[in-house]
Amino acid sequence: MIKLYLIRHGQTPGNKLSRYIGTTDEPLSDEGREFLKKLSYPMPEELFVSPLLRCVETAEIFFPGKQLHIIEELSECDFGEFENKNYKELAGNENYQKWIDSNGTMPFPGGESREGFKYRSLTGFQKAVTQCIRKNVDTAALVIHGGTIMNIMEEYADEERSFYDWHVKNGKGYEVEIDTELWKKERRSLHVVREL
C-alpha cells in the first residue's frame, strides 16, 4: 500500500485575480507563501513536483531540504489564448463564449484539449507511482496543479465525481492510498482517505 498526498501549489498573483494560469511560470504571491507556512504535511519518502516555479516553491516550503523529482507531464494545462486572463477580460471574446457553452469540454483555442491534458497528467502520475513501486516507497507527495489533481481524481478515485467536483484550493488536496498489487495488475484505483 502506498499513501500519496496530492497537493495543489500555493496562491500566485494570477490565482488571486482568477486568471487562467497554466503555462505562465509565475512565482507564489507573498500572501500565498504566508498561507502555506501555516500548513503542514507529513514528510514523504519521495517528492514529485511539476516543473513550474509555483509548485517547486510550494514543495520547498512544505518539505524543506527534500529532493524534488520533477515530472514534466504534471504541468498545468495550456490555456492557449485564455492564458493569464480572467473571465472579465474574456467577456465578449467569441472563442471564450463557445468554450463556456461547451461546458469547458472543447479545446482551448491555441492550447490543449481536455483529453490531451488528461492523458498527459495521467502519464505523469503513472511515472510517479511506478517509481514508488520500484523503490518500495510507502509515502509520497505530489506538489502539482489543481487541474492535474482533478484529472487524476476523476480517473482513479474510488468515489465517482465529475472533473470539476474534485477542485481544491491552493495548498490543499487529497490523501489517497494505492493498493500496489492491484495497480500492477492494471486494476488501478485510488482509495480516497480524506481531503486535506
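1. How much accessible surface does the chain have, and what share of it belongs to carbon and sulfur atoms? The accessible surface is about 9600 Å², and carbon and sulfur atoms hold 48% of it. Areas come from the Shrake-Rupley method with a 1.4 Å probe; for residues, only the protein chains shown count as cover.

2. Basis. This is a predicted model: local features need pLDDT of at least 70, side-chain atom pairs count only at pLDDT 80 or more, and totals for chains, interfaces and linings use all residues. Residues are numbered from 1 along each chain as its sequence is written, and side-chain values use heavy atoms, with hydrogens and water left out.

3. Fold. The chain has eight helices and six strands. Their order along the sequence is β-α-α-β-α-β-α-α-α-β-α-β-α-β. Helices (H or I, at least four residues) and strands (E, at least two) are DSSP runs, numbered from the N terminus.

4. Overall dimensions. Along the principal axes, the C-alpha atoms fill a box of roughly 50 × 40 × 25 Å.

5. Packing. Of the 196 residues, 51% are buried (under 20% relative accessible area; exposed is over 50%, partly exposed in between; 1.4 Å probe, protein chains only). Among contacts (heavy atoms within 4.5 Å) with a separation of 6 or more, 68% join residues 24 or more positions apart.

6. Helix α3. Seven of the 10 residues of α3 (residues 53–62) are buried, so the helix is largely enclosed by the rest of the structure. The buried residues are R54, C55, V56, E57, T58, A59 and F62. Their cover includes β1 (2–8), α2, β2 (46–49), β3 (69–70) and β4 (139–144).

7. Largest pocket. Its volume is about 770 Å³. A pocket is an open set of points on a 1 Å grid over the protein atoms alone, where a 1.4 Å probe fits, with protein on both sides within 12 Å along at least five of seven lines. The lining comprises 30 residues; R8, E76, F79, M150 and H167 lie nearest the centre. Lining residues have an atom within 4 Å of a point. α2 (30–37), α6 (114–134) and α7 (146–156) each supply at least two lining residues. α2 gives the most, with four.

8. I100. This residue sits in helix α5 (residues 94–101). I100 is partly exposed, at 37% relative accessible area. From R33, I100 is 67 residues away in sequence and 32 Å away in space, C-alpha to C-alpha.

Conventions:
Grid points are joined across faces, edges and corners, and a volume is the space filled by probe spheres set on the points.
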